[in-house]
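Open the model in your viewer and keep the selection tool at hand.

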Amino acid sequence: MVTSVNVPRLVIAAPSSGSGKTTVATGLMAAFAERGLAVSPHKAGPDYIDPGYHALATGRPGRNLDAFMCGPELVAPLFAHGSAGCDLAVVEGVMGLYDGAAGRGELASTAQVAKLLRAPVVLVVDASSQSRSVAALVHGFASFDPQVRLGGVILNKVGSDRHEVMLREALEEAGMPVLGVLRRAPQVATPSRHLGLVPVAERRADALASVAALAEQVRAGCDLEALLALARTAPPLDCAVWSPREALAGAAEGSPDGVSAASSASPASPVPAGPRPVVAVAGGPAFTFSYAEHAELLTAAGAQVVAFDPLRDEALPDGTSGLVIGGGFPEVYAPELSANEPLRAAVAAFAEAGGPVAAECAGLLYLAGSLDGKPMCGVLDADARMSERLTLGYREAVAVADSSLAANGTRLRGHEFHRTVIEPGAGTTPAWGFTHPERRVEGFVKGGVHASYLHTHWAARPSVAARFTAAARAAAESGAVGGARDGG
């Protein structure tokens with residue numbers, strides 16, 4: 001059912017990466033939240049780390065809007081789902097405003113997301129090495145696509161009062177409002193490493209201080225009233241509101257594009273009667289990459305989702321009959337993960353008994369025989385190590401075997417982002433066949449295990465959550481592993 005979504009909203013974009021989008025977006029979220037507004041945080045693209053800081057700033061789950069992995073038709077419904085009941089939504093863009101999936105035009109760009117949301121764009125410009133030229137730069141971005149509404153500019157890394165005057169004069173001449181000016185200053189402490197910022201879960205106390213400092217920096221330099229007024233100019237957004245239950249009801253394996261629409265016309269998917277299978281989801285500092293919709297879909301499919309921390313917990317949660325190990329940084333914690341021998345043995349025994357396991361990237365490494373020479377779970381006959389080469393990009397994939405996660409022939413889109421290699425790169429029965437941008441097989445299907453480097457967004461293919469939950473329920477009912485719990 002199509003409804004009218006009236007949440008005020010802004011998209012924070014930039015001419016290029018490194019201009020200060022995360023600083024401004026996170027600072028704005030925190031500053032508005034401090035004023036008592038319910039702020040809905042969003043991130044364009046597949047990034048897992050920035051949404052953690054967004055969640056810290058707002059107290060709400062950071063949600064991704066990825067037009068490549070989920071399809072353009074799901075961007076507005078997923079936004080409506082995440083922003084329900086909020087006073088303001090702030091969407092942090094990805095890369096430069098018009099940069100998207102390689103060779104696919106505007107697909108998955110910040111500009112496309114802004115158009116799909118009918119949201120005004122605020123351009124964050126690194127002004128450190130320019131003065132009047134800023135007007136030409138901004139004019140180009142404003143005029144490149146007339147359907148993108150550039151509502152104003154926030155100038156970052158401004159050097160002095162005189163520098164600010166020159167920049168403002170140039171932009172006034174171009175007719176572009178200046179909504180904020182941030183001075184050159186030591187960077188707020190948000191440490192980075194080989195794949196970007198250090199996730200919140202690894203530095204929560206320091207991250208809280210960083211977000212507070214970002215809020216102060218933005219509050220001091222930006223016109224919050226003008227930004228809020230701009231957000232309120234966003235027109236009503238007519239779309240269906242994504243629902244995990246309705247998405248499951250409308251899911252159909254084998255659709256050509258791998259995308260299930262969020263149609264409210266479908267009846268709610270019934271949850272099977274009886275005990276709910278326990279699906280244990282890895283978390284903690286080593287496994288921080290997860291989309292909020294995954295747990296929502298598992299719950300809607302009838303699972304009881306229980307978190308555990310492979311760094312600290314020596315056993316799987318009581319009654320575990322399904323195991324999800326997502327992305328993160330096991331390479332940083334390889335000695336600690338290896339030292340937790342009881343849990344490694346429990347995971348190996350669970351997989352050996354045929355329990356369903358869905359492992360992505362970090363999960364793949366954790367299931368390997370070793371990681372940088374440190375013993376891991378030994379579920380897979382493969383070894384992993386750090387590499388100097390960064391593997392990054394969108395992928396189109398098809399399941400090449402039946403597994404606990406997907407039926408043979410299931411098509412979906414995903415994303416690779418890692419600086420490790422595993423040898424061999426595929427098992428006797430691979431998980432995926434990549435069809436774009438290169439043709440190769442990847443990952444492992446072994447018993448109930450589905451392990452791969454590929455990050456996927458289950459909102460694009462809700463049937464995988466239903467299939468995995470069904471496998472967990474069957475495993476529990478057979479008595480092979482775990483059990484199930486009533487209610488929930």
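Start with the second largest pocket: select Thr288, Phe289, Ser290, Tyr291 and Ala292, which lie nearest its centre among 36 lining residues. A pocket is an open set of points on a 1 Å grid over the protein atoms alone, with protein on both sides within 12 Å along at least five of seven lines, and a lining residue has an atom within 4 Å of a point. This is a predicted model, in which local features need pLDDT of at least 70 and side-chain atom pairs pLDDT 80 or more, while totals for chains, interfaces and linings use all residues. Residues are numbered from 1 along each chain as its sequence is written, and side-chain values use heavy atoms, without hydrogens and water.

Next, colour helix 2, which gives five residues, the largest share of this pocket's lining. Helices (H or I, at least four residues) and strands (E, at least two) are DSSP runs, numbered from the N terminus. The pocket holds about 810 Å³ of space, a volume being the space filled by probe spheres set on the points, which are joined across faces, edges and corners.

Select Gly328, Glu331, Cys361, Leu365 and His418, the nearest to its centre of 10 lining residues. Strand 19 gives the most to this lining, three residues. The volume of the largest cavity is about 40 Å³.

Last, select Ala359, Glu360, Leu405, Trp432, His450, Ser452, Leu454 and Thr456, which line the second largest cavity. About 30 Å³ of space lies there.

Terms used:
1 Å grid on protein atoms, 1.4 Å probe; cavity = no way out; pocket = protein on both sides within 12 Å on 5 of 7 lines; lining within 4 Å.
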